[in-house]
Amino acid sequence: MTLSPHTLRPPLPLSLPLPPTSNRRPPPRPLHPALARRRRSVLLPKPPRAGAGAGDGMATHGAHPTLLEHMGRAGAPADLAVLVAHIQAACKRIAALVASPGNADLSRAKPAAAGAASAAGRDAPKPLDELSNEIILSSLQSSGKVAVVASEENDLPVWMCDDGPYVVVTDPLDGSRNIEVSIPTGTIFGIYDRLVELDQLPVEEKAQLNSLQSGSRLVAAGYVLYSSATIFCISFGAGTHGFTLDRSTGEFVLTHPSMQIPPRGQIYSVNDARYFDWPEGLKKYIDTIRQGKGQHPKKYSARYVCSLVADFHRTIIYGGVAMNPRDHLRLVYEANPLSFLAEQAGGRGSDGKTRILSIQPVKLHQRLPLFLGSMEDMLELESYGDVQQKVNPGYDV
């Protein structure tokens, strides 16, 4: 007698539950009414289709205006809005680039020609830095609003057009050495008015002088943090505001209006492996606040990412001080924009002795110590006097 397969194992009745390996999905269970209300409350509406005529293509998010909507409500000049639109477009491309699985090779430094990096005071370039720089420069060029751009990745400023009303200084990808270990990175930028009184000078000279403006003349400044979220923080001189990239719409929407650094924090951010090279004033300050014996009667904690944008972003949210006490960070395109943002949020940027925004740059890639943070913490730090590290035994990291 021949047995069929069905004789040995009868088919499962349709009423039984689906086996775990089945590709057929059971119908979704309805959400509890409270959870359904919560889900509806956190979802942002999608923007209108291109060409629909709603705010010239700007998405409408109700209580969460987009970056360009915010600028329109604040009465920002049209030229500045166009420029910022191009900056945010470039930063979206960089955000996708740094999150790409193909960036591992791009994040490794290329062998530099002897003396090439040190001649201009720049770090050895990496392909990812250079690609980010190309993205930024291309976007600024296409805006038609930039006369000159000064970038960390270029030895000299780049003159773009004679009638551009603005000057842009930028670090296209800060913290790029951290890409391989998925630590946050960022883009930093500052925007100045073009100095029209220099228009008759040779191109090289007026490009240089336009790029070396004091930070007190900044029209706007910002940074973009590439991390678990992509956050665009910017100030136009009337507060510091944070916008988070909504990946469902592709828009930066307002999530941190009128950011304020707490007057005092409880965190310091510094590479304290260098403690034994620090000046006595800085050692004494750190020892004091760690023991809770400073002006704030609580013991401070250390938090250090070694990514300037990430350390500063945490400081602007939680307060405290982020610092690099040695002559390492760049005045023009790192210290000035971040100090502008700190001041607009109620904090302070200093080289340990002097307000950053009052320092007149003399070189494009000029370096200095940088201390950023809560006003009360910064004033206490500066009161110790000797906080700038002059010993610099050539750290590789």
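In what order do the five strands of the open sheet lie? The order is S10-S9-S11-S13-S12, and the pairing is mixed. The model is predicted, so local features need pLDDT of at least 70 and side-chain atom pairs count only at pLDDT 80 or more, while totals for chains, interfaces and linings use all residues. Residues are numbered from 1 along each chain as its sequence is written, and side-chain values use heavy atoms, with hydrogens and water left out.

Helices (H or I, at least four residues) and strands (E, at least two) are DSSP runs, numbered from the N terminus. Two strands pair if DSSP finds at least two bridges between them.

Strand S10 (301–302) and strand S12 (348–350) are the edge strands, each pairing on one side only. S12 and S13 run antiparallel and are joined by three bridges; serine 350 has phenylalanine 371 in S13 as its bridge partner. H11 lies across S11, S12 and S13, at about 25° to S12. Such angles run from 0 to 180 degrees between N-to-C directions, with axes fitted to C-alpha atoms, for helices over the stretch in contact.

Helix H8 (residues 280–290) has buried residues that include Leu282, Tyr285, Ile286 and Ile289. Buried means under 20% relative accessible area, exposed over 50%, and partly exposed in between (1.4 Å probe, protein chains only). The buried residues of H8 pack against strand S9 (267–269), strand S11 (321–330) and helix H11 (375–382). After H8 comes glycine 292, with a positive phi near 70°.

Six of the six residues of S6 are buried. Thr230, Phe232 and Ile234 lie on one side, and Ile231, Cys233 and Ser235 on the other.

| Pair | Sense | Bridges | Residues in the hairpin |
|---|---|---|---|
| S5 and S6 | antiparallel | six bridges | three residues |
| S6 and S7 (residues 240–246) | antiparallel | five bridges | four residues |

Leucine 225 has isoleucine 231 in S6 as its bridge partner, and isoleucine 234 has histidine 241 in S7. In the turn between S6 and S7, glycine 237 has a positive phi of about 95°.

**Nonpolar cores**

A nonpolar core is a set of buried Ala, Val, Leu, Ile, Met, Phe, Trp, Tyr and Cys residues joined through side-chain atoms within 4.5 Å. The largest has 40 residues, of which Tyr223, Phe312, Ile316, Leu338, Ile356 and Leu370 touch the most other members. Elements giving two or more residues to this core include strand S5 (220–226), strand S6 (230–235), helix H9 (308–318), helix H10 (331–344) and strand S13 (367–373). H10 supplies the largest share, eight residues. At least three residues of this core come from each of domain 1 (67–106 + 126–258) and domain 2 (267–384), bounds taken from an automatic or database domain assignment.

Beyond its neighbours within four places in sequence, isoleucine 356 is in contact (heavy atoms within 4.5 Å) with residues including Leu331, Ala335, Leu368 and Leu370. Another core, of 35 residues, lies apart from the largest one; Leu83, Ala95, Leu140 and Ala220 are among its members.

**Serine 143**

Serine 143 belongs to helix H6 (residues 127–143). Its relative accessible area is 8%, so serine 143 is buried. The side chain of serine 143 reaches the backbone oxygen of leucine 140 at 2.7 Å and the backbone nitrogen of lysine 145 at 3.1 Å. Leaving aside neighbours within four places in sequence, serine 143 is in contact with Val82, Leu83 and His86.

Definitions and conventions
A polar contact is a pair of N or O atoms within 3.5 Å; within protein, one must be able to donate a hydrogen and the other to accept it, and residues adjacent in sequence count only if both atoms are side-chain atoms.
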